[in-house]
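Look at the sequence and the fold below before reading on.

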Amino acid sequence: MTTANGTKTLTHNYGEGLGYRSGALHGEFDQGGADGSCRAVVSQSYNTVLQPHDGNSGAAAAAALLYGSSGAVGPCYANYTFANNTLIVNNPAATGIEVSYNTYTNLAFSNNYIAPVYTVNGGCIYEVGNPSFTNSPTFYGNINMLTGNTIAKFGSCP
Amino acid sequence: MISAIQRGGGQTTGNGCVDLLVHGNVSGTIVIKNNRWRNGADKVHGTFGCGIENSIIVDIYANSVADSLTITNNLCGINAENGPAPDPNGVTTCFGANMTKSGATIDAEYNAVFVAWTIL
């Protein structure tokens with residue numbers, strides 16, 4: 001969902017995707033963008049995403065379960081917040097939270113919980129497509145529930 | 001102000017697909033709430049039909065004058081059981097919106113989305 005330079009709030013939603021494969025049917029919420037004015041304000045909080053494995057699909061393309069992205073180069077955000085989201089990524093293709101392509105100011109990740117069950121290297125917060133940041137993104141209280149490790153920086157996912 | 005409130009499913013736009021489309025110069029507030037959708041595989045056509053491929057169940061087209069969009073307490077299910085594999089380039093989503101008015105807001109709360117595919 002796209003708003004050019006307004007406010008977008010996604011909160012207390014539940015998404016579930018079973019049998020994900022290569023670009024369809026995963027339970028993420030938003031790839032919508034903004035314009036280039038750098039005034040858009042986006043918040044994703046208290047959402048839950050479950051990406052179960054159906055037992056037949058096998059490995060598939062990587063699927064982020066929360067996106068901070070429009071999927072295209074150009075959009076710019078004044079504030080972008082991920083807080084208190086829970087991701088259960090029981091699928092070999094699932095990853096975590098993806099930030100990609102766009103320009104961000106005040107990008108913040110706090111108290112997100114990622115449980116990468118039955119994944120190879122999932123359970124991370126990561127960059128794709130060289131996003132740019134006008135100030136340093138902040139990380140606080142994000143936890144990989146499988147390892148118990150704190151996610152305090154961008155990492156790599158398969 | 002206009003409130004576009006669709007209850008109990010929505011209109012059928014072809015191939016068994018259930019969609020709610022809002023397009024044109026809708027002004028003011030758009031509210032989508034308390035809906036239950038379920039789109040399934042299109043066995044007649046031997047594909048997923050519009051219920052799966054290229055399906056945006058609620059679609060707010062590019063709109064020059066709407067101030068806000070609120071999507072609350074909806075349940076959206078897309079079930080592709082017993083069908084072929086989804087097209088990797090297809091678009092399957094429940095809520096799509098393009099709010100082009102400067103400062104337009106989008107609020108989505110307490111929605112549930114279920115998508116499923118099982119192999120034949």
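A:Ala108 lies in strand E11 of chain A, which covers residues 107–110. A:Ala108 has 15 other C-beta atoms within 10 Å. A residue needs 20 or more to count as buried, and one with 12 or fewer is exposed, so A:Ala108 is partly exposed. Leaving out residues up to four places away in sequence, A:Ala108 touches A:Thr81, A:Pro137 and A:Thr138. A:Phe139 is 31 residues from A:Ala108 in sequence, yet the C-alpha atoms of the two are 6.2 Å apart in space.

In chain A, among contacts with a separation of 6 or more, 82% join residues 24 or more positions apart. Chain A has 16 strands and 0 helices. Of its 158 residues, 49% count as buried.

How does burial look along a single strand? Strand E2 of chain A, residues 7–11, has side chains that alternate.

With strand E4 of chain A, residues 40–45, it runs parallel and is joined by 5 bridges. In that pairing, A:Leu10 has A:Gln44 of E4(A) as its bridge partner. E2(A) is joined as well to a strand of the other chain: 4 bridges link E2(A) to E9(B), and the two run parallel. Here A:Thr9 stands opposite B:Asp107 in E9(B).

Another group of strands in chain A forms an open sheet of 3 strands, in the order E6-E9-E13, with parallel pairing. Strand E6 (66–68) and strand E13 (125–128) stand at the edges, each with a single partner strand, so one side of each is left without a neighbour in the sheet. From one strand to the next, the twist averages 25°. E6(A) pairs with strand E9 of chain A, residues 97–100, in the parallel sense over 3 bridges. Within that pair, A:Leu66 stands opposite A:Ile97 in E9(A).

Next come two loops of chain A. A:Cys38 lies in the loop between strand E3 (14–18) and E4 of chain A. Its phi is near 65°, a positive value in a residue other than glycine. A:Asn84 lies in the loop between strand E7 (76–83) and strand E8 (86–88) of chain A, and its phi, near 60°, is positive too. Most residues other than glycine have a negative phi. A:Cys38 is partly exposed, with 16 other C-beta atoms within 10 Å. A:Asn84 also counts as partly exposed, with 17 C-beta neighbours inside 10 Å.

Chain B has 1 helix and 10 strands. From the N terminus on, its elements run β-β-β-β-α-β-β-β-β-β-β. Of the 120 residues in chain B, 39% are buried. Among contacts in chain B with a separation of 6 or more, 78% are between residues 24 or more positions apart.

Where do buried nonpolar residues gather? The largest nonpolar core has 25 residues, of which B:Leu69, B:Phe95 and B:Ala97 touch the most other members. Elements that give two or more residues to this core include strand E3 (28–33), strand E5 (55–63) and strand E6 (66–72) of chain B. The largest share, 4 residues, comes from E8(B). Apart from neighbours within four places in sequence, B:Leu69 is in contact with B:Ile30, B:Ile60, B:Ala97, B:Met99 and B:Ile106. A second, separate core has 14 residues, including A:Leu50, A:Leu66, A:Cys124 and A:Ile125. In soluble globular proteins, nonpolar side chains tend to be buried together.

Last, consider confidence. Chain A averages a pLDDT of 78, and 72% of its residues score at least 70. Confidence in chain A is lowest in E6(A), at a mean of 74, and highest in strand E15, residues 138–140, at 96. Where pLDDT is low, the predicted coordinates should not be read in detail.

Technical notes: Residues are numbered from 1 along each chain as its sequence is written. Chains are lettered from A and ligands numbered from 1 in the order in which they are written. This is a predicted model: local features need pLDDT of at least 70, side-chain atom pairs count only at pLDDT 80 or more; totals for chains, interfaces and linings use all residues. Two strands pair if DSSP finds at least two bridges between them. Axes are lines fitted to C-alpha atoms, for helices over the stretch in contact, and angles run from 0 to 180 degrees between N-to-C directions. A nonpolar core is a set of buried Ala, Val, Leu, Ile, Met, Phe, Trp, Tyr and Cys residues joined through C-beta atoms within 7 Å. Two residues are in contact if their C-beta atoms, placed from the backbone, lie within 7 Å. pLDDT is the predictor's confidence in each residue, from 0 to 100.
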